[in-house]
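Me: I have a protein model open and would like to learn how to read it. Could you take me through some features, one by one?

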Amino acid sequence: MKKIRSVAKLICSSTLLLLVGCQSSGSSENTMKLWYNEPATEWMASLPVGNGRLGVMVYGGIEEETLALNESTLWSGEYDEGQQRPFGRQKLDELRQLFFDGKLPEGNHIAGGAMHGTSSSFGTHLPMGDLKIGFTYPEGEITKYQRELDLKTAVSKVTYRVGDVNYTRECIATNPDDVIVWNMKADKPGAIQMEISLDLLRNAEVRAEGNQLVYTGNADFPKQGKGGVLFDGRIAIKFQGGTLETKEGTLEIKEANEVTLIADIRTSFKNTTFAGYDYEKVCRETVEAAMAADYADLRKRHVEDYAPLFARVDMTLGDGSYNDMPTNKRWAQVKEGTTDPGLDALFFQYARYLLIASSRPNSPLPVALQGFFNDNLACHMGWTNDYHLDINTEQNYWIANVGNLADCHTPLFDFIKDLSHHGAKTAKDLYGCKGWTTHTTTNPWGYTAVSGSILWGLFPTASSWMASHLWTQYEYTQDKQYLAEVAYPLLKGNAEFLLDYMVVHPGNGYLMTGPSISPENSFRYEGGEHAASMMPTCDRVLAHEIFSSCVAASKILDIDHSFADSLQAAIDLLPPFFISNRYGGVQEWFEDYEEAHPNHRHTSHLLALYPYSQITIDKTPELAAASRKAIENRLATPDWEDTEWSRANMVCFYARLRDKADAYASVQQLLATLTRENLLSISPAGIAGAPYDIFIFDGNAAGAAGIAEMLLQSHDGVIDFLPCLPEQWKDGSYSGLSVRGGGEVSANWKNSVLTKASLKVLVDGEFSIRMPEGKKYNILTNGEKATTTSSASTIITLSLKANDLVEIN
């Protein structure tokens, strides 16, 4: 036996692909797979698997496998009682008077010095480190190499041949058994030899205990403040045939037929809230329980749990011309300008896969900036791998409802509830107000104060943006029990804060927020640059969303009518949207200030266009045109800050504007320049102080939401099939996408013409459907003909019952 020390003998390399031919499935089998004919040599090429708590990046190495381990609660930091210095209502009133009097420089100076937060223990999510598996093989060349991630099963797989021995490796993160499982098989007896070790990034003691590697330590990370969880991790090994030898910090297997590794990590995160919770005991018992099962049974339970979630939605774009090409080669083609509709569909479904992998109903935390697929880069930045509530955390969940994964929202709603408890103290101490609020950045330790600077942190309606997800969930699910027990109490608490916080401007009579910011932008005034003002446009949008949601919920639940009346009165006092005389676009601030950074990545003043519907192309065409102008101004500015999330925003904006060409151009831009070989989206080097590309979750999720928005819209009370269908997607289909009102839809089209569609109704209600022009359609309800449309575009409205099926052909 000879240990291979170099991959130079890898015959199935990209350079020799035409000579030998790599192992690959047929085009149809590869439709929902990311696959490659070479191992990953860096994190940005590895493939993620996750179970909502545990995550691993699989490299697929030949002589050495690397499994980068993560756990969602592996956080540094701790709760900080003194995170927000008191300010109070009297000081707030005095400060506001300065803004009313036009003394913005003085007002910004006082706010900057007295309202920012002071956390000394904010913390960050941290990666655990790498599980290393070194292999020794029989003599022979390596051929038929392929690694893949099957999105339909959430199984990462590596296959290759060494001499006359075929090897198969699989890795899963199973939610039912709550562990990571890695399995290796050979088709010749005694052909597996390996050495297992750990290369950890955390302070830890590693020891071998029988057939396990055990590591214990802490998540201290002084760069982001004091504190951190304690952790216990275990790697257990079981094998068929062969022998096990335990060395210091390593396990060595010789001449085995099959090997299975079981891994778990548990932390002390908030364990004081669970009476009797012993994270070390839970880790040990979870691993022992999984070890008692065969790999086949673990895999079966995993697939039976995961596959139905993913299968809720199916999507095909184009003819699959490039499905037999490795994913990194397809990605490289797109970078050179090739259009690949099949890769667009794969990117969409990959986002759904990532959300399932990161956010399940039993997940302890929602998706952070990187989720828990932590590349050990963001945590070293000043902005950390935390929760940014001024768009990033929200974008992480934009795909949840339309992508038929509403249940993946659960950990986010649990997190909002926790924030509301801490945010009630911040509302009282900082503003002297009832209700609850939180600001731009937060963590699992209950940080709801303003960030370290008001330039990006004085954004109290971040709480409203987060809370709006509660109402959106109801719009899609129509679950009244959820509305009464989960959503409305949190929405009401935030509305109470806004109602108490907002003030009538003595000069114009409008109800206004402030001082606050338009994230994370600033303007010029009297020769200086300032961030805070009264009633930036985004605040107007968010206040309207919360007030109107509570008014609607009051009617649905038949409660709090006098409170709803007070909210309606407040809505009537909100200022209108303004179109800038200076720039021609929707105004970002209440006053028509000069933009200090016209190339800024944030466009928070356009929230009314997307994700909300206060501006629509049909109902407010002048404002829709002004929104387009604001977008064009941003994109035309030299050195526009083109990031993964801001480009995903453009897909969504252009979809709402029904601009097929520009929406698709942004999809192409997102894939070509703002993702990497593994299709994970990146914040590129040079943005926000980063010297290198950093994976950020939001580009995947929000980009997919934009793709869905191009194919289906329901925001204005009308179901609109193919509202922004680009030429590149002239043939395709989808099924299982969700619409507001409680329904699932499907559509098929050929040569850009809808050929058939359906609506499956989940709850009783009225549904309006905009029928495309250019063709007559028959509308059938439960198989019986309801109506026939003309060839002109028209809207039909149907009164339907739960489980009704509407077919259009």
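Reply: Happy to! Helices here are DSSP runs of at least four residues and strands are runs of at least two, numbered from the N terminus. Keep in mind that this is a predicted model.

Me: Where is Leu-679 found?

Reply: Look in the loop between helix H18 (660–673) and strand E26 (682–683).

Me: Is Leu-679 buried or exposed?

Reply: Buried means under 20% relative accessible area. Leu-679 has a value of 0%, so it is buried.

Me: What about the phi of Leu-679?

Reply: Most residues other than glycine have a negative phi. Leu-679, though not a glycine, has a positive phi of about 65°. Asn-404 is another residue to look at: its phi is positive too, near 60°. Asn-404 sits in the loop between helix H9 (398–402) and H10, and it counts as buried at 10% relative accessibility.

Me: Which residues does a cis peptide bond join?

Reply: In general, most peptide bonds are trans. Here, Gly-514 and Pro-515 are joined by a cis bond with omega about 0°, and Tyr-610 and Pro-611 by one with omega about 15°. Pro-611 lies in the loop between E25 and helix H16 (621–636).

Me: At what angle do helix H10 and helix H13 pack?

Reply: Angles under 35 degrees count as roughly parallel. Helix H10 (residues 410–431) and helix H13 (residues 480–501) pack at about 20°, with axes 11 Å apart. That makes H10 roughly parallel to H13. Residues making the contact include Phe-413 and Ile-416 of H10 and Leu-490 and Phe-497 of H13.

Terms used
Residues are numbered from 1 along each chain as its sequence is written. This is a predicted model: local features need pLDDT of at least 70, side-chain atom pairs count only at pLDDT 80 or more; totals for chains, interfaces and linings use all residues. Side-chain values use heavy atoms; hydrogens and water are left out. Axes are lines fitted to C-alpha atoms, for helices over the stretch in contact, and angles run from 0 to 180 degrees between N-to-C directions. Angles under 35 degrees count as roughly parallel, over 145 as roughly antiparallel, 65 to 115 as roughly perpendicular and the rest as oblique. Contact means heavy atoms within 4.5 Å. Buried means under 20% relative accessible area, exposed over 50%, partly exposed in between (1.4 Å probe, protein chains only).
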